[in-house]
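Please keep the sequence and the structure in view while reading.

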Amino acid sequence: MSLSHSRQQFLAYETHGDPNIHYGRKGGIFISTCICIGLVICAVLVAALVGIIVYYITYFKISQNSGHDFWDETEPFGQSTAVAADLRLPKSVQPSFYRLKLKADLEKSKFTGDIYITIKANEKVKEIILHSKGLIIDKNATLTEQIYENVQTIQSSKVKRQVNESSIESTSQNTTNNDVTEFPMLNSTLESEPATISPVNTQVIHSNVRNIKIISITESTGDRLVLALASALVPDIDYTLKLSFEGNISNSLTGFYKSTYKDSNNEIREMGVTQFEPTSARAAFPCFDEPAFKAKFEISIAHPQNMSVLSNMKISTEESVPGEPNWQWTHFERSVDMSTYLVAYVLCDFKYLETSYTARDNITKTIRVWTQPAFISKANYALNITPKLLAFYEDVFGVPYALDKIDLIAIPDFSSGAMENWGLVTFRETTLLFDEKEGVPGEKRGVAIDVAHELAHQWFGNLVTMKWWTDLWLNEGFATYVEYIGVNHIEPEWNMFVTLTRDKMTLLRSDSLKNTSPVSRKVIDASEISQKFDEISYTKGANLIRMLNNTISEELFLKGLAIYLDTWKYRNAEENDLWKAMSQATRSTDSLKDVSIVSFMNSWTRQAGYPVVNVKRDYATGNVVFEQRLFCSSPSPYTNMEKQIWQIPISYTTTDVPHEQWSLTPKLWLKERSVTEKLNLKSDHAIYVNVGAIGYYLVNYDQKNWELLSQALKSGAIDDPITKAQLIDDSFNLAKTNRLEYSYALGLTSCVVNGEDSKIVWEMLLDNMSFLKHNLKSTSGYLYFQDYMRLLLAKQLEKLNYGLSKPADDNEALLVENLLLWECMVEGPRCLHWAKAEFRKWMEQTDVNDNPIPSYLRSLVYNVAIKYGGREEFEFLWNIFQNSTDPTVKTLIISNLPSTREASLITFLLEKSLTDIPKQYAALAWSTDVPASTRLAQNFLINNFDRVYQVFTNLDSFTFPNILNMVFGFISDTDELDKLKRFALQHKEKLLPMSQTLQKIVDSANLRITWIRKYSLGINEWFKNYMQEHTQQNTTTVEPEWTQNITISISDSNTTASSR
């Protein structure tokens, strides 16, 4: 903002002095110095008093407001359309090779290094901009130009290679003798060859080196390191930039950091670990830290001789460090072209198990699984499945694994589940190690999934990498989809594609929020990069790829993948590069001649949310209208989203067709708002759309078709577990947004009252009932909900002997755990008594390591004992947590301790999360029980924000958003919501990097608050009437009516229940 014109004139005069202006006393009012000082003091006091009054009046108004006056819903928190100026590095300089020499001193938590970066300019520039964060850069950097000469060796003088003459002249004009230092040409020569030698062999390349003067090295915003040059870089010439640097080995979980563990002698052991994704390589060495700047790396690390050092590539040589006894250099082979975020190195004293496999390229490749010595026996399962997965992926993709070795290492302190560093994959201990004796099915499945995911990245992410974080989903979505394929191959009895379907159904709830985001979302600020690592990139990306596979056929899909990988290997791609490869694979397929793969997939990846397909039948004519609309949980979605149109492949069948004849292949396309098809359907049989729940959309039917579907479920005409789960889940999602009467959704849940063996049916039913449980818990009708849930669970629990018999397989073990958890959650007396007794039995053991509780039920028992117990039970588990060195034991305990209802113990845990609880586990202390304990956690966070923020944001960029979700993720009243909004706005600057998390929390809270107001009374009445009718019939095996003759009438002002 410019100053006023009169003020500018005054300042100009004041600065320069005008001889025609004279100052002097010509009259006026005069006061003493004491009076003047007194008046000034009074004025200050009055101003302060006014400020205090204004502050409290403003605060009072805000606190009394419902929220809309200080929270603009039309502009989501923190969102912006302006791209940050320092977001991207200029593309004018490209690296091709890094020579990194690093000395790591764990004892002093310091590292020093030299890096030589080979760069090339594609235009004339007088500055080099790269990344550096928290490093001390030696100002004595050097930049050398490599001039290559062709020397003829047959009776010929030396001839300089062809170079752009204008470039040379221009450069020389801009330099002085101080800018460039030339070095003599190398003296090596070759003997002359006979004259018969071909001319192509009569030249040898020599090089001439000169220094380019670096005028200055400065740090800039966006972690940028700017080197100003005296003379411009010449395009297409190789330059070598040498930088010396030093830094601290951090105590965070990113960059180059220190991890610790206790050995068998209870001594603390230290190790050095790297975690560079997404933007932390720059904290370990200066580099061009963006995915598109791929280069080769040659790494050497100096370290104590008693430690092992791992990196992406094999060790080439080892040598002593001159003048430093007990230290050695470990040199690694030169890598393939890769992005900086995939570079990794680890210093440790671990042990390993080793195996190998023969790859498609007939090279035997070494596989090692590393862990701290005490856990080496737990590495067997990962060692067993890794070669199977690598060989399988090679067969599926038609491309061999690119490197000669792969190491998998379990890190004691690690933020994410795992990281796909090329050739050196890092894991949390609990995601790589599995105890064959004490481990539970969920843990084994978790190891298989994480190993399969990271190995899939060796192709999708490492071999072919996204150009920018906008297309992170190309990495994570593909790896997620492929993980299910891989695990299904090695553990076929787990039915992993059913799990993928379940994960999709779960995601549909959060993806319906008003402020959900597209899969391919532009990153306009560096803080947004970490927010891309969410379920949208992973699970939605995976399901969109699955939908594409199903649409074009697996054969053509794999053909397209082979084209994509071969075309873009060792390079960077965008999503349309994948779609073009798929288009090439499907070019000659008649059934897809009217389908543009690019347009089809862009309609799903570049638009937020997803559609609901409304199916309306004309039972007289056979006409069926298929209409698509945005499905949004908010009654007021954004206008631009309401206008969205997806290209939807529609599959369907009818209930009179045997299940084995159902086809997943799309039978029609819905590319406009609606389409009408004349179908040969029997009027007394239901149509079922989106067969197998492959499509990423919901389906709503007319009332009669819903009734026909209910009858088909009741009669057994529909017995497919996925279809049952899909109909239950779709109906609850539709009822939640007033698109379907709740009586239909609730009626479908009674399909399990006489028993149901399918895990996915129970999972989707209980997931949806969990929403009701949280929202009805504070209402008077919650008792009827509890009674209804006990009724649903009773028969299947009896069938499974309440988990007291050994489960038949892993799926049954997971089902038993889930059902028992729910029996205890709805306070079933049998479950609570049994769980408390089991825990007490353990407490009375002489040796607490001799745990009598079945391993797959321990989490449930711990939870109940802590929730319904007191300080004695809490301290028993807390002491075991502190003394155990087993990460599985510690994770299980710290996950359940927050279930206590004692306010003092909750506060104790939250305080300890900031001090004594190891960083690996600290965030889990915030997973408090809803709703009473979460309010304590909210107040603790608000009152101790700076401490909590500093501790967890110093770890990484992911943990604090997770804490926000745990603390505020179950808000169900306006007072809590207003409290969150005030908190968010008070700390807006610090919370901007997690703006999307906050907005989704607000969206979810608005959904719950509206839902309770509109639906809770009517649903409570449904449960009450159902249980009263059940009691009157005086039987526990009653087969209820599917829709229970109760209609829940909804209005904006009231909710009632009436008989129909």
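The link of C824 and C831 is left-handed, with -80° about the S-S bond. In this bond the two sulfur atoms lie 1.8 Å apart, a disulfide being a pair of cysteine sulfur atoms within 2.5 Å. A search of the whole structure finds one disulfide, and both C824 and C831 are buried, where buried means under 20% relative accessible area, exposed over 50% and partly exposed in between, with a 1.4 Å probe and protein chains only.

The model is predicted, so that local features need pLDDT of at least 70 and side-chain atom pairs count only at pLDDT 80 or more, while totals for chains, interfaces and linings use all residues. Residues are numbered from 1 along each chain as its sequence is written, and side-chain values use heavy atoms, with hydrogens and water left out.

C831 is among the buried residues of α20, which also include W834, F839 and W842. Helices (H or I, at least four residues) and strands (E, at least two) are DSSP runs numbered from the N terminus. The buried residues of α20 pack against α19 (810-825), α21 (858-868) and α22, contact meaning heavy atoms within 4.5 Å. Helix α20 (residues 829-843) has 15 residues and should span 21 Å at 1.5 Å a residue, which agrees with the 21 Å between its end C-alpha atoms; the expected span is 1.5 Å times one less than the number of residues.

The loop between α22 (871-883) and α23 (887-896) holds S884. Because its relative accessible area is 17%, S884 is buried. Leaving aside residues up to four places away in sequence, S884 touches V889 and K890. The C-alpha atom of S884 is 9.6 Å from that of K262, although the two are 622 residues apart along the chain.

Aromatic pairs number 61 in a search of the whole structure. Rings of Phe, Tyr and Trp (its six-membered ring) pair if their centres lie within 6.5 Å, and planes under 30 degrees apart count as stacked, over 60 as edge-to-face and the rest as tilted. Two of these pairs are set out here.

| Pair | Centre to centre | Angle between planes | Class |
|---|---|---|---|
| W662 and Y688 | 5.3 Å | 50° | tilted |
| Y782 and F785 | 5.7 Å | 25° | stacked |

W662 lies in the loop between β29 (652-654) and β30 (668-670) and Y688 in strand β32 (residues 687-689), so their pair ties together parts that are 26 residues apart in sequence. W662 counts as buried at 14% relative accessibility, and Y688 counts as buried at 1%. Y782 and F785 both belong to helix α18 (residues 782-799), three residues apart, or about one turn of the helix, and both are buried. Ring pairs also link a cluster that includes F392, Y401, W459 and F557.

Charges over rings occur as well, a charge sitting over a ring if NZ of Lys or CZ of Arg is within 6 Å of the ring centre and within 35 degrees of the ring normal. The charged end of K103 sits over the ring of W327, 4.9 Å from its centre, and K667 lies over the face of Y652 at 4.8 Å from the ring centre.

The chain averages a pLDDT of 87, with 84% of the residues scoring at least 70, pLDDT being the predictor's confidence in each residue, from 0 to 100. Over residues 1-30 pLDDT stays under 50, and the model has six contacts there beyond four places in sequence. Over residues 153-178 pLDDT also stays under 50, with 36 such contacts. Where pLDDT is low, the predicted coordinates should not be read in detail.
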